[in-house]
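Please keep the sequence and the coordinates at hand while reading.

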Amino acid sequence: MDLEQFAEIEAIKALKARYFRALDTKQWQAWAECFTENIKASFDGAEGSFDFSSRDDLVNTNAELLANVSTVHQGHTPEIELTSAT
């Protein structure tokens with residue numbers, strides 16, 4: 001692994017930490033900045049299945065679902081493999 005790859009992996013770790021912190025502290029604008037505007041995502045959970053076709057849809061739905069819920073996310077020992085330069 002070269003220095004550039006190491007820096008990329010560290011940037012991914014930092015992004016994931018920001019994601020957890022912003023989600024758990026309900027800082028929705030900061031959480032939104034963890035995603036691209038044109039995100040496409042699907043989730044299955046206790047509240048049902050969800051499909052999102054935009055960042056705003058993802059953030060607004062989660063803000064509504066978690067309005068009265070306390071969450072504590074943790075991420076440990078990441079396994080990150082860089083598969084391309086992008």
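By about how much of the helix are glutamate 10 and lysine 13, three residues apart in helix H1, separated? The separation of glutamate 10 and lysine 13 is about one helical turn, because the two residues stand three places apart in helix H1. The model discussed here is a predicted one.

## Salt bridges

Two salt bridges are present in the structure. In one of them, the side chains of glutamate 10 and lysine 13 come together with an N to O distance of 3.0 Å. Both partners are partly exposed, glutamate 10 having a relative accessible area of 33% and lysine 13 one of 36%.

Another salt bridge joins the side chains of glutamate 37 and arginine 55, with 3.4 Å from N to O. Since glutamate 37 belongs to the loop between helix H2 (28–32) and S1, while arginine 55 belongs to helix H3, this pair ties together parts that are 18 residues apart in sequence. Glutamate 37 is exposed, with a relative accessible area of 61%, whereas arginine 55, with a relative accessible area of 19%, counts as buried because the cut-off for that class is under 20%.

## Nonpolar core

The largest nonpolar core contains 15 residues, and those that touch the most other members are Tyr19, Leu23, Trp28, Trp31, Phe35 and Leu58. Helices H1, H2 and H3 each contribute at least two residues to this core, and the largest share, four residues, is supplied by H1. In soluble globular proteins, nonpolar side chains tend to be buried together.

## Cysteine 34

Cysteine 34 is located in the loop between H2 and S1. Is cysteine 34 buried or exposed? Its relative accessible area is 15%, so cysteine 34 is buried, the limit for burial being under 20%. If residues up to four places away in sequence are not counted, cysteine 34 touches Leu15, Arg18 and Tyr19, and Tyr19 is also listed among the core residues that touch the most other members. Between cysteine 34 and serine 54 there are 20 residues of sequence separation and 13 Å from C-alpha to C-alpha.

## Largest pocket

Two or more lining residues come from each of H1, strand S1 (41–45), strand S2 (48–52) and helix H3 (55–65). By class, the lining of the largest pocket comprises 11 nonpolar, four polar and two charged residues.

## Arginine 21

Arginine 21 is part of helix H1 (residues 3–24), and its relative accessibility of 43% places arginine 21 in the partly exposed class. Arginine 21 and phenylalanine 43 are 22 residues apart along the chain, and their C-alpha atoms are separated by 20 Å.

Notes
Residues are numbered from 1 along each chain as its sequence is written. This is a predicted model: local features need pLDDT of at least 70, side-chain atom pairs count only at pLDDT 80 or more; totals for chains, interfaces and linings use all residues. Side-chain values use heavy atoms; hydrogens and water are left out. Buried means under 20% relative accessible area, exposed over 50%, partly exposed in between (1.4 Å probe, protein chains only). Ala, Val, Leu, Ile, Met, Phe, Trp, Tyr, Cys and Pro count as nonpolar, Asp, Glu, Lys and Arg as charged, and the others, Gly among them, as polar. A salt bridge is a side-chain nitrogen of Lys or Arg within 4 Å of a carboxyl oxygen of Asp or Glu. A nonpolar core is a set of buried Ala, Val, Leu, Ile, Met, Phe, Trp, Tyr and Cys residues joined through side-chain atoms within 4.5 Å. Contact means heavy atoms within 4.5 Å.
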